[in-house]
Amino acid sequence: MSLSVTRVSTGYGRRQVLSALSLPALNPGEVTTLAGPNAAGKSTLLKAIAGLAPFSGAITLDGQDLAPLGPAARAQKIGFMPQSLPSGASLNVLETVITALRASGERAVTEPPETRAMAVLDRLGIDHLALAGLDQLSGGQRQMASLAQAIVRGPRLLLLDEPTSALDLARQVRLLSEVRRIAAEGRIVLTVLHDLALAARWSDRIAILHRGGLFAFGPPAEVITPAMLAEVYGVSARVERCSQGHLMVQIDGELSRSAAGK
Amino acid sequence: MSGSALLDRYHRQNRRRTALVATMAVLALIAVVIDLTTGPSGLPLSETLRALAGGEVPRGTSVIVWQVRLPVAVMALLVGAALALAGAEMQTVLENPLAEPFTLGVSAAAALGAGVAIVLGVTVPFLPPAWGITANAFLFSLGALTLLQLMGRLRGGGPEVLILFGIALNFTAAAFLSLLQFIASAEDLQQLVIWTMGSLQAVTWGSVAILAVVITLTVPFALMASWKLTALRLGEEQARGFGVDVTALRRRALLRVSLLAATAVSMVGVIGFIGLAGPHIARMLVGEDHRFLLPASIFTGALLMSAASTLSKLLIAGTLLPIGLVTSLIGLPVFFWLILRGRQAR
């Protein structure tokens, strides 16, 4: 029972972003981070899995092929949190979460949608924002609201596209520890993160994408190495352990530029 | 505030919105009654109401109320409702607050169709002559929207592409209309210009019935799509993530918009402002939960159009102004005022 990505190719028009990318199986209970330089295809892979971008190859969840599923059936299994949420709508946070629950047309039978939406806001610590309009939210608050929309259906697979990009330090910790708790409930979590120290601290495994393919995959300590950082990101870096044993990534400089300076 | 207290506030807010929608409906009905009691024949209010109630009135009074005033008043109500609903759905599915049948060429195409009938005498064969202009206007505006959808589909159907095609259609139809006006005889030109200003004078119970049927057939489907439309306000990607088939939603909404706008415009001519302002005023009143926004738009449009119908009779004593002229002249300053007021309130 897992998410499997096999020989997936996708792109925009003629530009191919991912070519025949395969990932080892992603298991329930685990948080996997997708990392890599800009334009490596991280968001594109998330969108392909979420059914938002066409692809060739095979993506299966718990043995079921995702490609032939309609949008509503897919939304019951997958929660997707995009990079940004528009601010122009005259809707409050609670309304957006209820909409996330009701839009596919499937009605919750057990409890009223508004009760369930409110419980999710409470769980994320943003219940006080329930009746705040989207246009009154800060970037970080909007990101938390977006996470609430992604998890309210209790999806088996949660896809997060740079969920911490607008969050302050405390909220990064709150969001990622909540993501860990969600995974611990037996869900599969795949998230894009740019901050490798954050990724090392909060994920079970890291997939490094580079030039449309998988460069490395494994536990953080095996994947995040000076050699990988030099090859994939073009930086000279040290990877050390802090007094508590967590990985620290210290970037010293850009390789090509320092080489040019010599 | 605790979760249950917040939920209470949410439910209270929704009850307030329901009350606002009901208020708009009542105001629209009152506007129709006022519309019915005004007119050049100077019937006293009591006699108009007695004729409506089926009481004893002179035959002339009965004819004026039932055959002249009532179809016009009901048509104003229906046209306002149809255009505002079309505008609300269009603004959401094209993700643009300026989208409405008027800005995307539906009205211009209808006017071109009317022009072809009036100036060139080309219309649908075997129709009673009285229906020729209306039939042409309907076919041209429906054709414009179909063309818009087809071209949109060729290029992936994104909202930007649809809007650009709509604007191009608008200018194309306007250019051909100018050409027709240039070659038209003085008499035809006058008829065409008056048609493009929008008028309720040619309204019959037959045309009222047709528009009523179209509204009855489209409104339930629009209301059933409320949650999906609300989801689209959070962006296409988010809506698709929620399980909405955005392509199908957009196609079906534009089909409803086509039927509503083409029918309304072909019956009464070019009516600006209602399709734009109706949904905007409704949005200021009830927000963008489409369960409330769509009905609020319908009743706001109906109210605005009824008020415009009354004003068209009262603004210049003894003269009946074209209603499209009134909606634009009176409506736009009101609209600007509302926008500025809305900004300050934030």
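Helices (H or I, at least four residues) and strands (E, at least two) are DSSP runs, numbered from the N terminus.

The model is predicted: local features need pLDDT of at least 70, side-chain atom pairs count only at pLDDT 80 or more, and totals for chains, interfaces and linings use all residues. Residues are numbered from 1 along each chain as its sequence is written, chains are lettered from A and ligands numbered from 1 in the order in which they are written, and side-chain values use heavy atoms, with hydrogens and water left out.

## Exercise 1

Determine how many residues of helix 3 of chain A are buried, and find what they pack against.

Step 1. Buried means under 20% relative accessible area, exposed over 50%, and partly exposed in between (1.4 Å probe, protein chains only).

Step 2. Helix 3 covers residues 93-102 of chain A, and ten of its ten residues are buried. Among them are the charged-group residues Glu95(A) and Arg102(A), which count as charged in a scheme where Asp, Glu, Lys and Arg are charged, Ala, Val, Leu, Ile, Met, Phe, Trp, Tyr, Cys and Pro are nonpolar, and the others, Gly among them, are polar.

Step 3. In chain A, the buried residues pack against helix 4 (113-123) and helix 5 (139-151). In chain B, their partners are helix 1 (3-37) and helix 9 (226-232).

## Exercise 2

Describe the contact between chain A and chain B by residues, buried area and polar links.

Step 1. With contact taken as heavy atoms within 4.5 Å, chain A contributes 37 residues and chain B contributes 28 residues.

Step 2. Buried area is the accessible area (1.4 Å probe) that two parts lose on being put together, summed over both. For chain A and chain B this comes to about 2800 Å², with 61% from carbon and sulfur atoms.

Step 3. A salt bridge is a side-chain nitrogen of Lys or Arg within 4 Å of a carboxyl oxygen of Asp or Glu. Two salt bridges are counted between the chains; Arg17(B) and Glu95(A) form a salt bridge with an N to O distance of 2.4 Å.

Step 4. A polar contact is a pair of N or O atoms within 3.5 Å; within protein, one must be able to donate a hydrogen and the other to accept it, and residues adjacent in sequence count only if both atoms are side-chain atoms. Ten residue pairs are in polar contact between chain A and chain B (both at pLDDT 80 or more).

Step 5. On the side of chain A that touches chain B, helix 3 of chain A gives the most, with seven residues. By class, that side holds 19 nonpolar, eleven polar and seven charged residues.

## Exercise 3

Locate Trp227(B) and list the residues that Trp227(B) touches.

Step 1. Trp227(B) belongs to helix 9 of chain B and is buried, at 12% relative accessible area.

Step 2. Leaving out residues up to four places away in sequence, Trp227(B) touches Ile98(A), Thr99(A), Arg102(A), Ala103(A) and Arg291(B). Ile98(A), Thr99(A) and Arg102(A) are among the buried residues of helix 3 of chain A.

Step 3. The C-alpha atoms of Trp227(B) and His290(B) are 6.7 Å apart, while the two residues are 63 residues apart in sequence.

## Exercise 4

Characterise the contact between domain 1 and domain 2 of chain A.

Step 1. An automatic or database assignment supplies the domain bounds: domain 1 is 3-86 + 143-218, and domain 2 is 225-262. The contact takes eleven residues from domain 1 and eight residues from domain 2.

Step 2. The two domains bury about 820 Å² between them, 76% of it on carbon and sulfur atoms. Of the area that domain 1 buries against domain 2, Leu196(A), Arg201(A) and Phe215(A) supply 44%, more than any other three residues.

Step 3. Between these domains the count is zero salt bridges, and one residue pair is in polar contact (both at pLDDT 80 or more).

## Exercise 5

Step 1. The closest N and O atoms of Asp62(A) and Arg156(A) are 2.7 Å apart.
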